[in-house]
Amino acid sequence: MQNLKLLSIIGLTAFGSYIYSTTEIQSKWIVPAKYKTMKNPTDPKDKEGLAEGKALYAKQCSSCHGKKGLGDGSKAPELKGELGDFSSAEFQKQTDGELFYKMIEGRDDMPGFKKKIASDEDRWLVVNYLRTMKK
């Protein structure tokens, strides 16, 4: 009987550890290597491009992420998960390719924007605009 209790405790502990570890893995947004090194072909200083990126962000992103990218948009309270702070050093240290990938693929409550922002160039312009939000 004592052995059965001990085995039950060990089994529950192992199961709990497994659940915790898979949750941790799922919470990390894994970006394929080819995107991490992908170069942004647009000029990040082009004023017209930044204006277009800002307009696209306002239309497609701000309702969740907020006007300044602080994760405080009007839809934010309805969403699960962390919406991020685009002005933070942690967000800004991501490569342009990582941001591009996350935008097109989406995850959890964030939809992918392959269809809503169909042009690769427009997506890159949004990435450029996100860079203007840094502190």
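Which residue forms a salt bridge with Glu105, and how far apart are the closest N and O atoms? I opened the notebook with that one.

**Ground rules.** I worked on a predicted model, in which local features need pLDDT of at least 70, side-chain atom pairs count only at pLDDT 80 or more, and totals for chains, interfaces and linings use all residues. I number residues from 1 along each chain as its sequence is written, and side-chain values use heavy atoms, with hydrogens and water left out.

**Entry 1, salt bridges.** I took a salt bridge as a side-chain nitrogen of Lys or Arg within 4 Å of a carboxyl oxygen of Asp or Glu. By this rule I get four salt bridges. Glu105 pairs with Lys114, with the closest N and O atoms 3.1 Å apart. For burial I used relative accessible area: buried is under 20%, exposed over 50%, partly exposed in between (1.4 Å probe, protein chains only). Glu105 counts as partly exposed because its relative accessibility is 32%. Lys114, at 44%, is also partly exposed.

I then looked up Asp96, which forms a salt bridge with Arg131, the closest N and O atoms being 2.8 Å apart. This pair links distant parts of the chain, with Asp96 in helix α6 and Arg131 in helix α7, 35 residues apart. Helices here are DSSP runs (H or I, at least four residues), numbered from the N terminus. Asp96 has 21% relative accessibility, so it is partly exposed. Asp108 forms a salt bridge with Arg107 at 3.7 Å between the closest N and O atoms. Asp108 is exposed at 70%, while Arg107 is partly exposed at 26%.

Eight of the 10 residues of α6 are buried. What covers them includes α2, α5 and α7; contact means heavy atoms within 4.5 Å. I noted Lys102 in this helix. Lys102 is buried yet has no salt bridge, and the nearest side chain of opposite charge, Glu98, is 5.9 Å away. Lys and Arg count as positive and Asp and Glu as negative; His and the chain ends are not counted. Leaving aside neighbours within four places in sequence, Lys102 is in contact with Trp29, Val31, Gln94 and Met110. Just after α6, Gly106 takes a positive phi of about 65°.

Rings of Phe, Tyr and Trp (its six-membered ring) pair if their centres lie within 6.5 Å; planes under 30 degrees apart count as stacked, over 60 as edge-to-face and the rest as tilted. By this rule I count five aromatic pairs. Tyr35 and Tyr101 have ring centres 4.8 Å apart and planes at 50°, so the pair is tilted. Tyr35 lies in helix α2 (residues 33-36) and Tyr101 in helix α6 (residues 96-105), so the pair ties together parts 66 residues apart in sequence. Both tyrosines, Tyr35 and Tyr101, are buried. Ring pairs also link Tyr57, Phe86, Phe91 and Tyr129 into a cluster.

Nine of the 12 residues of α7 are buried. The cover includes α3 (47-60), α5 (89-92) and α6. I looked up Leu125 in this helix; at 7% relative accessibility it counts as buried. Leu125 and Gly53 are 72 residues apart in sequence and 4.5 Å apart in space, C-alpha to C-alpha. Leaving aside neighbours within four places in sequence, Leu125 is in contact with Thr42, Gly49, Glu52 and Gly53.

Terms used:
Helix = DSSP H or I, 4+ residues; strand = E, 2+ residues; numbered from the N terminus.
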